[in-house]
Amino acid sequence: MKVGYFFIPLAPYLLWLVWAALRFPLPLSYNLRSLWQRKVGSLTTGLAIAVVVAIFVVVLSLSQGISKAFVSSGRADQLLVLRPNARTELNSGVERERVRILKTHPMVAQDDQGPLISAEAFVVVMLDKADGDGGTNVAVRGMEPAGVRMRPQVRMVEGRWFKPGLPEIVVPRRMQQRFAGLALGRTLAFAGQDWTVVGLTDAGGSAFESEIWADAEELMRAKKRSAFNSVIVRLQREGQMADFKAMLEEDRRLKLEGVAEVDYFAQQTEAGKPIQVLGNLITVILTLGAVFAAMNTMYASVAGRTSEIGTLRALGYRRREILASFQWEAVLLCGSGGLLGACLALAFNGIQTGTTNFQTFSDVSFAFTITPGLMLQGVAFSVLMGLLGGFLPAWRASRIPVTEAMKG
Amino acid sequence: MSGNPIITCRSVAKSYWRGELEIPVLQGLDLEIPRGGYYALMGPSGSGKTTLLNLIAGIDRPSGGELTVCGSDLASLDDDELAGWRAAHVGFIFQNYNLVPVLNAYENVELPLLLTDMGRRERRARVEEALALVSLTDRMFNYPRQLSGGQEQRVAIARAIVSDPDLLVADEPTGALDAKNAEEVLALMERLNREMGKTILMVTHDPKAAHHARIQIHLEKGVLDKTVERHDPTHHDLAPLPPNDPRDGD
Amino acid sequence: MRFLHLVLRSLLRSRRRTVLTVLSLAVSVMLVAILQSVLFTLDSFAHNPNASNRIAVRHKVSITNLIPYRYIEWLRQQPEVDAVMGLQWFGGVYQDPKNFFPNFAADPEPITRVFKEELVEYSEAQFKDFVRDRNSCIAGHALMEKYGWKVGDVITLKGTIFPMDARLTIRGTWRSRRGTDEQALYFHWKLVEERFPSLKGKIGNFWVRAKNPDDVPRLIERIDRHFADAVEPTHSETENAFQLAFLKMMGDYASMIHAITAAVLVAILIVTANTMAMAIRERATEIAVFRAMGFTGTQVLGLLMVEGLLLTVAGGGTGLLLSFGMAGAVRQTAGTFLPYLADFTIAPETLLLCAHATMVLGILSTFIPAYRAVRRPIVEGLRAL
């Protein structure tokens with residue numbers, strides 16, 4: 001939910017406000033001083049706005065973290081080959097014969113070590129959470145050596161890659177925060193044998209942060225499997241995607257389905273749906289509450305300054321100058337609250353958490369990532385609240401007659 | 001109508017504190033006011049007249065001295081007892097009327113009666129009586145914003161007398177009124193004093209208002225300066241003379 | 001009671017302020033009510049009193065691994081066991097992936113015994129038909145209503161985990177006490193097994209019904225011990241623990257919800273306290289006049305507190321009413337991808353919590369400014385013009 005969209009209809013009003021601040025004689029310092037004079041009211045409203053914006057930014061970062069985990073995980077020139085109608089690798093199966101056929105296809109890209117194709121085995125194992133709060137399913141991906149080369153966004157940080165044919169695994173470094181017993185040199189028991197952690201990786205926040213990698217053949221052997229789950233293929237050119245997919249379906253020896261890697265991950269964002277929906281719901285509701293509260297404060301402020309406003313009018317200030325001034329006051333008030341809230345949200349940066357992708361039945365790790373862009377969105381949001389909450393009171397202020405100046 | 005004075009002040013003193021500094025407002029004041037008196041308290045600003053009024057009305061406590069009003073030694077009453085005493089004995093009239101804006105005239109006047117154990121019917125009778133006295137029966141259900149300044153003050157007066165207190169204190173009752181309304185209000189107060197025997201203590205700047213009172217007490221820097229009696233042939237049978245004050249101009 | 005009109009009328013003093021305060025309170029309480037209800041609803045699945053007799057037995061490594069069907073013979077022999085049912089999550093799609101509901105391939109005969117508490121009302125004849133017809137299924141009443149199914153209809157489930165289409169005739173339905181228990185569909189495991197030879201002799205998990213809830217811990221321990229050294233070891237747990245594990249997989253939603261609830265309550269307390277303080281400050285003179293007239297400090301404090309409480313209760317009450325309305329929306333949206341929330345409503349425990357929070361809010365936000373106003377000397381208030 002981009003905050004920017006809300007600003008579009010308000011653009012002309014906003015432009016006028018900026019012009020007013022520059023050209024109108026009533027300085028913004030008057031507003032700042034007025035806010036300061038009513039310290040308690042300004043502080044409490046500012047704090048409430050700060051809380052709302054902090055929640056907004058944190059929830060947004062959660063949502064973004066999930067999206068990032070999926071969307072940035074695919075390459076436009078790579079695709080997954082699956083059994084037809086299997087929606088996920090977990091439910092898919094590709095026999096060795098077909099893998100052999102694929103590896104010889106002319107459209108497949110090559111590097112100096114051979115065709116960029118990796119037949120992969122995908123299993124799910126139960127790991128204990130580091131906080132002792134039970135366990136959850138984690139994905140283990142067995143791949144051929146090409147598979148590592150095809151995913152350059154995953155870098156080795158400590159240790160080394162697994163050797164083919166050996167019970168070795170590499171683990172994303174961030175996973176150590178959430179799961180117990182994943183240190184270099186330690187062993188993990190699954191599929192009936194012990195596997196040694198030989199390397200720690202950094203997957204750049206992509207979906208691969210949630211996967212443990214191993215050698216495909218070794219995993220298949222341990223699991224007594226005869227077929228792989230999927231095959232990942234890199235094509236020579238992006239443009240060949242459509243043709244390759246068609247070929248997969250039509251070739252009678254293959255009868256497989258191809259899904260562009262980018263699409264595959266995008267459709268798995270379903271896991272983040274509940275959190276995103278919840279987040280949006282919470283934000284909308286809180287905004288409403290915050291706008292009402294801001295309106296209340298501004299109305300009280302206006303009511304307490306009727307003679308002051310009347311005097312300003314008597315001195316010659318025009319209605320629209322009063323309107324702009326009070327609107328700015330509301331924006332300044334809410335904006336400061338927003339700034340505070342965005343900074344408060346920073347405290348959450350870097351905290352790792354996860355949810356389960358019920359399609360792959362495995363854990364999806366992601367971190368709260370509070371970026372400057374996100375913080376800016378939070379502040380923009382608070383400015384929006386100031387605009388909405390402050391307009392009616394500002395309008396009211398502008399309509400206060402000159403005669404109020406004479407009254408006590 | 002002699003007998004015990006309704007108000008007795010002996011060496012009454014009042015100071016205010018500004019941090020460490022003590023600012024005396026009233027210094028050792030002696031005063032006796034008989035029942036049925038109509039007194040005006042006058043003096044320049046800072047003379048302590050409002051302070052004296054507040055002390056007598058029981059909404060402030062003296063720093064020193066003795067104060068007996070309507071038979072009670074005010075210093076011996078705690079805050080709650082003082083509140084109860086005020087409800088029974090004092091009616092207030094303010095310069096700015098101080099009516100509750102969200103209540104209509106009837107409900108404003110009824111307020112003091114809510115503190116008694118009178119039932120609804122009895123309260124109604126009293127309120128109607130009070131409003132009739134101030135000639136505002138037709139405005140009974142109007143709100144203060146629907147009334148003129150003079151009418152508001154009359155409602156305030158009705159409120160002040162509805163529980164039949166012995167003492168009425170008024171702080172600049174005509175201060176916010178124009179000449180005509182001021183006259184009406186002052187005439188009303190005179191009636192209350194003459195016909196119902198209410199003791200009235202009024203603080204005022206307004207010489208015309210002061211003229212309606214029978215005795216004017218002038219304060220200067222916290223002490224009694226002089227006392228002026230109004231000898232009006234048409235009303236002379238009423239006001240008893242105050243006790244001999246050594247500083248009387250006589 | 002004679003003072004009631006004073007309090008009520010005071011709220012009308014500034015209609016705008018009263019309305020805005022009530023609205024911002026209502027919105028906040030509504031959010032808290034919904035969030036806490038979601039938490040409560042989800043947690044209740046892991047605390048289902050009806051599930052005390054049931055044990056879930058699955059593969060030790062993962063729920064996605066299959067275990068040998070023959071384990072059922074040993075399980076049935078245990079003296080504490082009443083009935084055992086093999087079950088496999090099928091995860092089939094009916095027409096559109098958006099039409100999500102739990103569907104299982106299972107042993108048909110023991111269903112009514114194992115899930116006695118959930119299958120409250122059903123027809124014996126229908127269930128006999130279901131057991132006899134391998135190509136049939138039974139579905140809960142809520143599901144039948146949702147898709148307009150009638151007994152005798154033929155529906156197709158497209159397999160996702162198992163690449164097959166299941167054409168099933170609906171032979172029966174059941175009614176439960178809760179709508180959430182009517183959301184499932186069961187058909188024959190044999191249908192899947194005969195289609196995929198590699199699955200022969202295997203099953204996803206077992207539901208074991210103990211005769212007596214007290215036997216459950218002992219049974220769990222014995223089952224896992226017995227199969228500990230097998231090629232496919234088991235992991236058994238009570239149904240509530242099983243559900244809890246599933247819920248936990250969704251993430252640490254409990255912490256999130258508690259954190260947001262706390263933040264919102266703190267924010268609204270600050271805002272309301274400020275509003276009350278403002279309102280009372282404005283009435284400094286009026287408060288002084290009341291006390292001059294003879295109202296005691298306690299009486300005035302009482303009037304102000306009642307006023308504050310009425311305001312917050314009005315806000316909270318409105319919020320709770322709104323939350324009931326929103327509950328319907330939550331059911332429609334979240335209920336589709338989270339079957340736990342199909343029956344979502346505001347729990348009585350949540351209502352109580354919100355009611356208490358609102359009253360505490362009212363007391364806290366009003367007390368301090370009211371107390372200070374009443375302690376101020378009367379003459380100060382009168383001078384405050």
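Predicted model: local features only at pLDDT ≥ 70, side-chain atom pairs only at ≥ 80, totals over all residues.

Modeller: Start with helix H12 of chain A, residues 319-345. H12(A) has 27 residues and reaches 39 Å from its first C-alpha to its last. That is close to the 39 Å expected at 1.5 Å a residue.

Colleague: Is H12(A) mostly covered or mostly uncovered?

Modeller: Mostly covered. Of the 27 residues in H12(A), 20 are buried.

Colleague: Strands next. How many residues of strand E11 of chain A are buried?

Modeller: Five of the five, in residues 211-215. So E11(A) is largely enclosed by the rest of the structure.

Colleague: Which way does strand E6 of chain A run against E11(A), and how many bridges join them?

Modeller: Parallel, with five bridges. E6(A) covers residues 135-143. One pair to click on is Arg141(A), whose bridge partner in E11(A) is Trp213(A).

Colleague: And strand E8 of chain A: parallel or antiparallel to E11(A)?

Modeller: Antiparallel, over two bridges. E8(A) is residues 168-172. Trp213(A) turns up again here: Val170(A) stands opposite Trp213(A) in E11(A).

Colleague: Now zoom out. What are the domains of chain A?

Modeller: Domain 1 is 12-71 + 271-405, and domain 2 is 78-236. Their C-alpha centres lie 46 Å apart.

Colleague: How many residues does each domain of chain A give to the contact?

Modeller: Domain 1 of chain A gives 14 residues and domain 2 of chain A gives 18.

Colleague: Which elements give two or more residues on the domain 1 side?

Modeller: On the side of domain 1 of chain A that touches domain 2, they are helix H3 (39-71), strand E15 (352-357) and strand E16 (362-367) of chain A. E16(A) has the largest share of that side, with five residues.

Colleague: What is that side made of, by class?

Modeller: The domain 1 side has five nonpolar, seven polar and two charged residues.

Colleague: Switching to chain C. What domains does it get?

Modeller: The assignment gives domain 1 as 4-45 + 252-383 and domain 2 as 61-232. The C-alpha centres of these two chain C domains lie 48 Å apart.

Colleague: How many helices and strands does chain C have?

Modeller: Chain C has 14 helices and 12 strands.

Colleague: What radius of gyration does chain C have?

Modeller: Chain C has 30 Å. A compact globule of 385 residues would be near 21 Å. Along the principal axes, the C-alpha atoms of chain C fill a box of roughly 95 × 45 × 35 Å.

Colleague: What percentage of chain C counts as buried?

Modeller: 46% of its 385 residues. On contacts, take pairs in chain C at least 6 apart in sequence: 80% of those contacts join residues at least 24 apart.

Colleague: Last stop, chain B. What is the strand order in its open sheet?

Modeller: The order is E2-E1-E4-E5, four strands with antiparallel pairing.

Colleague: Which are the edge strands?

Modeller: Strand E2 (21-33) and strand E5 (72-73) of chain B, and each pairs on one side only.

Colleague: Over how many bridges do strands E1 and E4 of chain B pair?

Modeller: Five, in the antiparallel sense. E1(B) is residues 7-18 and E4(B) is residues 64-69.

Colleague: Great, thanks.

Note on methods
Residues numbered from 1 in each chain as written. Chains lettered and ligands numbered in written order. Pairing = 2+ DSSP bridges. Expected span 1.5 Å × (residues − 1). Buried ≥ 20, exposed ≤ 12 C-beta atoms within 10 Å, placed from the backbone. Domains from an automatic or database assignment. Contact = placed C-beta atoms within 7 Å. Nonpolar A, V, L, I, M, F, W, Y, C, P; charged D, E, K, R; others polar. Rg over C-alpha atoms; globule rule 2.2 N^0.38 Å.
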